[in-house]
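Let's take a walk through this one, starting with the whole chain and then zooming in on a couple of residues.

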Amino acid sequence: MSNSRWGWCIVVCLGWLAGAEKSQGAELKLTLPEYLARVLTNNENIQMKMLEVQISRKQYEAQKGMFEPAWVTSFTHEDRRNALTEEQKRNLFFATLFNERNNRYDSGVEMVTPSGAKVQLGYRLNELRNNLNQANFPDGEYLSTLSLAVTQPLLKDFGYAATLANLRAAAINSDITFQEYRKALIEIVARAEAAYWDVYLAQQQYAFSTDSVAVAQTLLADNQAKLAVGKSSELDVMQAEAGLAQRQALANEARQKLYEAANRAMIFCSSSVLGPHDRFVAVDEPKAGPMTSDTLYFRTLADQLNPDALALRHQLALDGVRINFAKNQRLPQLDLKASYGSSDINPNYQGIWRNLEAHDYPAWMLGLELRVPLGGNIKARKELDAARLRRQNTLLALQSLRVQLDNLIDAAHKTADSYYDNIQRYAKVVEFNQNLLKSQLDRLEVGKTDSRTVLETEQDLFEARLGLVQSQVRFKRAVLDLEQSVGMVLQARNLELSQSDLAHRTRALLRSGKITPQAFAEFLQQVQREYELRRQSAPPIPPSTLPPRQP
């Protein structure tokens with residue numbers, strides 16, 4: 001066999017191929033940031049969570065409407081017949097009944113103040129027609145009243161804490177929903193990135209398998225040529241054929257794994273391999289970097305970034321609002337009621353306003369109203385007990401989460417550190433097997449070894465190369481687990497959004513008053529452009545988003 005032929009074989013065997021074999025279909029080559037941008041734009045679960053945050057925000061804004069003044073108006077017609085009182089009998093000499101037909105018009109503005117007071121500014125006009133006044137006023141009389149009435153709770157429902165309880169609860173629920181959105185986004189991004197590295201691993205495994213097939217094919221052709229001239233045996237040919245068949249089977253399995261990995265990765269961005277691109281190619285390599293040995297750094301970050309921890313802290317604040325409100329509801333209902341107004345009666349409707357302006361008939365009222373449950377306010381007491389138990393439950397959940405985070409962070413940190421060390425070791429094993437295979441090929445050229453030894457050496461190199469790539473991918477997975485436990489997945493990839501940024505994005509959906517498919521499609525396009533700008537302005541994702549290893 002010529003040296004040029006063996007040189008070609010060595011190049012094929014030892015070359016590091018980044019992608020899988022090319023197919024007739026179009027390839028979709030994506031870097032990791034480009035792939036994640038597609039996931040964030042197209043994933044329906046992210047879109048649902050994004051809208052849930054806006055729903056919660058709208059519910060919070062809706063609570064502010066409790067202080068919106070309301071205009072109230074009504075009309076009442078009454079027709080009554082009553083027996084006469086002694087006083088009425090003296091005024092109606094021949095009448096036996098009191099007959100009246102009245103129209104009442106009410107109009108006013110009502111509102112609630114942050115202190116809990118209910119304020120009403122109203123005007124009432126009574127159009128009175130009866131058999132008492134028809135002799136002197138055939139068109140009836142007009143009784144008008146302009147008044148201001150205030151009802152201020154003094155114990156139960158008094159003050160900002162009680163009045164604004166629902167508003168504060170809605171605001172905190174909005175914060176909790178935002179953390180749930182962050183949690184879902186972190187989980188999807190982490191799973192999508194893991195799927196991306198699975199595609200890269202499958203690509204490399206298939207590339208290594210095709211390299212092995214090329215070596216086996218070359219050995220088989222060489223042995224067949226030597227057998228033809230009597231320099232090889234049939235056993236060497238059979239060994240080469242068996243080695244080729246085994247490697248072809250492994251290549252088929254690797255190709256199937258590549259298809260499966262690509263399909264799983266495309267699911268996260270809601271794409272199909274049956275679309276315009278039937279091949280997804282992972283371009284980036286899973287580069288590894290050293291880890292810091294300070295786990296306290298990650299634990300401190302988890303308190304600031306972990307969505308579960310932040311949500312539980314918001315839940316504690318919500319429990320506090322509920323406890324304070326429940327305490328207020330235990331108090332008796334004592335209301336201060338006051339009103340002041342002016343009234344006048346006139347047979348002419350136009351003359352009413354002049355008399356009201358003269359303020360000749362003022363009237364005012366001041367009083368207290370007390371309401372005390374006779375059973376000791378069972379409802380309020382039980383609701384307070386429930387609120388306190390709920391707060392205790394949240395404290396236990398937060399304590400349990402801290403223990404879980406400590407264990408998860410420690411396990412993921414040690415796992416990533418272990419795989420980083422494995423990467424260094426596998427690199428040495430690969431280098432050794434590369435040199436050994438080259439030596440075995442040289443020995444085979446001069447007849448000092450056989451094909452079986454060469455195939456075994458090549459198999460060792462294949463396993464070492466695969467082990468190196470697996471360690472790189474497992475290192476990235478361990479780092480993802482660590483970042484997910486800390487809650488820094490979005491921050492490390494420049495994908496973190498504030499609550500106001502998210503509200504700004506989704507607010508455009510409701511400007512027209514309804515959400516149409518076209519409006520939602522335009523919204524997604526805008527989101528994709530924003531992610532693209534963030535990706536272009538952000539630095540490349542480092543091998544590890546963590547501080548360097550400390551000495």
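This is a predicted model: local features need pLDDT of at least 70, side-chain atom pairs count only at pLDDT 80 or more; totals for chains, interfaces and linings use all residues.

Residues are numbered from 1 along each chain as its sequence is written, and side-chain values use heavy atoms, with hydrogens and water left out.

The chain has 15 helices and eight strands, taken as DSSP runs (H or I of at least four residues for helices, E of at least two for strands) and numbered from the N terminus. Of its 551 residues, 41% count as buried, meaning under 20% relative accessible area, with exposed over 50% and partly exposed in between (1.4 Å probe, protein chains only). Take contacts (heavy atoms within 4.5 Å) between residues at least 6 apart in sequence: 81% of them join residues at least 24 apart.

Now to N328, which sits in helix α9, residues 307-329. N328 counts as buried because its relative accessibility is 11%. Setting aside neighbours within four places in sequence, N328 is in contact with L155, K156, D157, F158 and A162.

Over in helix α7, residues 234-268, you'll find E253. Its relative accessibility is 46%, so E253 counts as partly exposed. Along the chain, E253 and S209 are 44 residues apart, and their C-alpha atoms are separated by 9.3 Å.
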